[in-house]
Number of protein chains: 6
Amino acid sequence: MRPSGRSLDQMRDVTIETNVTKHAEGSCMIKVGDTHVLCTATLEERVPPFVKGSGLGWVTAEYGMLPRSTTSRMRREATAGKQGGRTVEIQRLIGRSLRAGVDRVALGERQITIDCDVIQADGGTRCAAITGGWVALKLAVNKLMKTGAVITDPLIDPVAAVSCGIYAGQSVLDLDYPEDSEAGVDGNFIMTGSKKLIEVQMSAEGQVFSRAQMNELMDLAEKGVSELVALQKAATSA
Amino acid sequence: MRPSGRSLDQMRDVTIETNVTKHAEGSCMIKVGDTHVLCTATLEERVPPFVKGSGLGWVTAEYGMLPRSTTSRMRREATAGKQGGRTVEIQRLIGRSLRAGVDRVALGERQITIDCDVIQADGGTRCAAITGGWVALKLAVNKLMKTGAVITDPLIDPVAAVSCGIYAGQSVLDLDYPEDSEAGVDGNFIMTGSKKLIEVQMSAEGQVFSRAQMNELMDLAEKGVSELVALQKAATSA
Amino acid sequence: MRPSGRSLDQMRDVTIETNVTKHAEGSCMIKVGDTHVLCTATLEERVPPFVKGSGLGWVTAEYGMLPRSTTSRMRREATAGKQGGRTVEIQRLIGRSLRAGVDRVALGERQITIDCDVIQADGGTRCAAITGGWVALKLAVNKLMKTGAVITDPLIDPVAAVSCGIYAGQSVLDLDYPEDSEAGVDGNFIMTGSKKLIEVQMSAEGQVFSRAQMNELMDLAEKGVSELVALQKAATSA
Amino acid sequence: MRPSGRSLDQMRDVTIETNVTKHAEGSCMIKVGDTHVLCTATLEERVPPFVKGSGLGWVTAEYGMLPRSTTSRMRREATAGKQGGRTVEIQRLIGRSLRAGVDRVALGERQITIDCDVIQADGGTRCAAITGGWVALKLAVNKLMKTGAVITDPLIDPVAAVSCGIYAGQSVLDLDYPEDSEAGVDGNFIMTGSKKLIEVQMSAEGQVFSRAQMNELMDLAEKGVSELVALQKAATSA
Amino acid sequence: MRPSGRSLDQMRDVTIETNVTKHAEGSCMIKVGDTHVLCTATLEERVPPFVKGSGLGWVTAEYGMLPRSTTSRMRREATAGKQGGRTVEIQRLIGRSLRAGVDRVALGERQITIDCDVIQADGGTRCAAITGGWVALKLAVNKLMKTGAVITDPLIDPVAAVSCGIYAGQSVLDLDYPEDSEAGVDGNFIMTGSKKLIEVQMSAEGQVFSRAQMNELMDLAEKGVSELVALQKAATSA
Amino acid sequence: MRPSGRSLDQMRDVTIETNVTKHAEGSCMIKVGDTHVLCTATLEERVPPFVKGSGLGWVTAEYGMLPRSTTSRMRREATAGKQGGRTVEIQRLIGRSLRAGVDRVALGERQITIDCDVIQADGGTRCAAITGGWVALKLAVNKLMKTGAVITDPLIDPVAAVSCGIYAGQSVLDLDYPEDSEAGVDGNFIMTGSKKLIEVQMSAEGQVFSRAQMNELMDLAEKGVSELVALQKAATSA
């Protein structure tokens, strides 16, 4: 029934390749089906003005799509002269979500910037960015701990994200682009490894929904995030 | 226990004054406690390019805050040269939410723009904007129906919004600014008069949360939206 | 003969309601007929770089129109990405005019920003903004004097403004929008309570004018400003 | 008493050299003392959207200062990313003033753009721009009449401008930069060859002024404009 | 003597992997040592206004660097609000160079946009972009020919580029980043498969140079381009 | 054969008038045929952040065209909101080229900004800007040496530039606009008085070229630059 032939609660194949660029303190290429996102972590020994002097660390994120990551070419945002509303929303979400898994005291007064650049898009780029962004963050923090710059691990609980939605009247896990563009309800679920909720966003896209449906989507999301967290652990423990 | 002395499931006093400006096709000033938002509806017999020729109507929204609507003065966005990320997020949310209550076929190929301008802010401005925006929309549509330009009422189910959150460890309804700035979890719930969900957004603000807590917030939101919908009906039936 | 039925030297009804927002140090809603402008004064204990260290105070102003303050909706300047030429001209005029009534030594090195936001427009918004802006300024200064932060009153002579023009061949006081859009000559007159001139701007709008006509307009303006200054005093002495 | 040694009612030396660039339909370099402005007229057989189909012509103006036209270097506006408030004000004034001397029916549906670029500044650049702009406009219109594209001369009355002000307590004609930066009152007077008023702008710059002083400035301005109009005629009749 | 241990006339290892993204009409990842550039070709059946109706095709290019493609993180240009001067220069160069190898009549009135995004930078990104850009272009044109949309091959002579410079007093081929940042003279040479010149740019970077040195660099460049063209052919003939 | 009737290796008439504006530390109007560029040098006792504390001087340049310097009017870049790609390329080239003739140690930690504004364009504006820019720079440095602020002359070798190209199949010196717009190959050659190369840029404009042709253009350029350097010396030795 799903265009991809997956079962209702089945995620796409996910791979996470780490250390894919030589300059970044941490990096990975996460592939969730045909959605490919390059995530890099940049460590800087300075923080934004609103944190300065607080002793706390800061984690922030930026998001971009390559112009031809999509079916038809998108205008390059640098040419348009600004980031679009969707981009701004997504990168704020990524930053906020990742920070929820970070002990900013333990991190100390330094900043880690996660850049998430979509190389190829097929739905669910923001979720892939969060899941891969956590891996890049983890790799950068591992370096800080190896050098002794940071003593206590500031990454208290892994953060991952998955989309779920109502497609053709059914609740399904991990929407790909053909599903996403037809879904009546679309949700993003960001959770920790211990199943705590960080951010839940559900939107009617042409069809309102009930609390019962909301609970179905939550159940699927818990399943998906568990699988993603396992993959994150495998990728970063090597 | 709440700074305002309200009980956990008690909303602030809400008033909706209609027809407050002479030029707009529909308008109201909604006051949710000390949060005051002026909502106007502008009707135009043209639609954006992506709707043209479809026979469908369009409802969109813009949001702004007067520079001194807040405790300390904010920079005017027109001076800054662009709308900030928060503004863009909010106005996209308002437009999306209101459209969920509209039968765009019945509306016909015309556009209604809802401007929501915050005159005074004390928490919950986006929810007040949605609730008041629906009233302005309803008043504009009433005129269309009176003149016969529209035959079937395109407003199928009223839309209202309320924020809930976890404050001092307790789930509370309708956060005001002192609560909002301290809340560990903050959610916006946008629903219809028939208790269908349109948009649910819950964010950890320093503290992750459980599904049980999420359900508590949902219960409070349902109570709040019921009260708001009653006030919308009273305001627009006169 | 005038669309409103007023006599040639008759102003519209003017009301000034003070302390209309809870955050601003001074505020009023001025209504000149159907032109409604919200004026707020923000006090900050810092000055712009070009004043720093001089011991002098600074008074500045910003101006905006809500998108649907006008007959047809205007594009929001924050969306357009900049303030238009008219807006910039007007806010520079407001700031310059108000400063002419201020003893900047007595004010001391602090800044007061007057925000003038047009809620509903029917002609003469810049003059209403100046007249109401002075009231907001006065209220903020009163607070400074009450706390003893300022000893000598820095507001030496009240500032008010009125437009006059040549409509249908006749010199008339206080143009409303129907007159303004037809007037052959349009002038703004900014004066003090003691009839000193601060700024005089007269423009041919399709018809040049003589010195005799200029003097007629000046006479009308003096009458109008006297009436406005009386209303300012009543509003701020309470 | 004046820094330049001029008498109170004496203008600086003024020269107008015509046809100084080979591409423009009309051009001149006007020198008012050390203020040098290059004015060019560009004729286009198209009009802006708001004039289209009206049968009326349009005259507009743009103004700029070369970065080192001033004592210390100014930032180039193209680098700053926008025209400053002062620039916008001035170019709107130039366009509005020139249009007051034009019969737009006689001009026919075409546009003439006057570019006024300050090569060297020493006070009074906007007045020099208007006076020189009229000359460039006249030369362009002369070509239109020579080819028969325009039959009736659309330039009905020459337009010129001069600044006057109160310097060291005295009313003086044609402020240069040392006077302008010290003047208590500063005015720009735009008139026609037949002494009709087009635009009068007087501003208190630190000192308010009386109607008697205003009349003194008007008298000086009439004298100055007469002299400028004579020079314009000489320059364009050759 | 070279930091990498290469001989003076030795290029870095170059690989070109084709068809790396599923949406683009042509694509490759070119790796010139540690410089990795993703090149995609987008085919559109429309042309820019200045070509419209001419019957000619258009090839254009855009260039970008991922924020952490470099040793220290660069600001994202979409955030900065514009493309920097270097970016604009490079993308104009890429487009101009590729067009020199294209018969625009044979291509027909359609546009191919080459996006070159630097995933990892280690010197010579613009040359890699041109060389890889040609491959993406070739693959897209191949598709056009396979479908019969284009009959005569519009790609008349392959285009490739290499940098040469004077490093530590010696002329060397294919500067990597450590060499580039120290080089006294830096040149980019864009040529065709038949050794014709398309663009030659040589810049003194701290040391002027003689015609004899210029000729040495030209000799090296010819060698490098020959090798690159062979790789392009291998990559696109598969 | 050339539109102007010049022989293949003949430059246009060149004049350099110095000290043409009263504010700049150095200035000239260079006329290369009908191409007229005003060059001014601004001396500031401060340097950009990336030079601060190095003890080295800095020379930079900005370039602009007056809107009607060209055959048809160009949009003013200040109105467009940014400098175009061509402008940015040219001003970077001017700055880079002039710096190649400067001993930045001898100059000392101060900045000289060269503004090159095209008053009238007829091809070759960037070359005229470099040649004239050197003169303005020289005049400003002369003042520094006269006052003793600088002891050793930091201008080690004069810098001048000329364009050459292939027009109607022939190599010609100093392209004017009619030639430039038709040329198959277009090159800019920036050299020192001692015939050292600073920057060489050759571009195929519709026709690729051979090394033999490249050498012909180099020969012409050497002739042209020699003549320009002689004129620079005459202009600055007076």
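Which side chains meet in a salt bridge at 2.5 Å, N to O? They are those of B:Asp115 and C:Arg73, where a salt bridge is a Lys or Arg side-chain nitrogen within 4 Å of a carboxyl oxygen of Asp or Glu.

## Ground rules

This is a predicted model, with local features needing pLDDT of at least 70 and side-chain atom pairs counting only at pLDDT 80 or more, while totals for chains, interfaces and linings use all residues. Residues are numbered from 1 along each chain as its sequence is written, chains are lettered from A and ligands numbered from 1 in the order written, and side-chain values use heavy atoms, leaving out hydrogens and water.

## Chain B against chain C

Here 37 residues of chain B are in contact (heavy atoms within 4.5 Å) with 37 residues of chain C. About 2800 Å² is buried between chain B and chain C, with carbon and sulfur atoms giving 47% of that; buried area is the accessible area (1.4 Å probe) that two parts lose on being put together, summed over both.

## Chain A against chain E

Between chain A and chain E, 37 residues touch 37 residues, and about 2800 Å² gets buried, 47% of it on carbon and sulfur atoms. A:His23, A:Arg68 and A:Arg73 supply 26% of the area chain A buries against chain E, more than any other three residues.

Chain A and chain E share 14 salt bridges. One of the salt bridges joins the side chains of A:Arg68 and E:Glu25 at 2.6 Å, N to O. S5(A) gives the most, with six residues.

## The annotated site in chain A

An unreviewed UniProt entry puts a "binding site" at A:Arg86, A:Gly124, A:Thr125 and A:Arg126; such annotations may be inferred rather than shown by experiment. They're spread over 41 residues of sequence yet cluster in space, with a largest C-alpha distance of 13.3 Å.

A:Thr125 sits in helix H4 (residues 125-146) of chain A and is buried at 6% relative accessible area (buried means under 20%, 1.4 Å probe, protein chains only). Leaving out residues up to four places away in sequence, A:Thr125 touches A:Thr35, A:Val37, A:Tyr63, A:Arg86 and A:Val118. A:Arg126 is in helix H4 too, and with that same exclusion A:Arg126 touches A:Arg86, A:Ile90, A:Leu93, A:Asn188 and A:Gln201.

Terms used: Helices (H or I, at least four residues) and strands (E, at least two) are DSSP runs, numbered from the N terminus. Buried means under 20% relative accessible area, exposed over 50%, partly exposed in between (1.4 Å probe, protein chains only).
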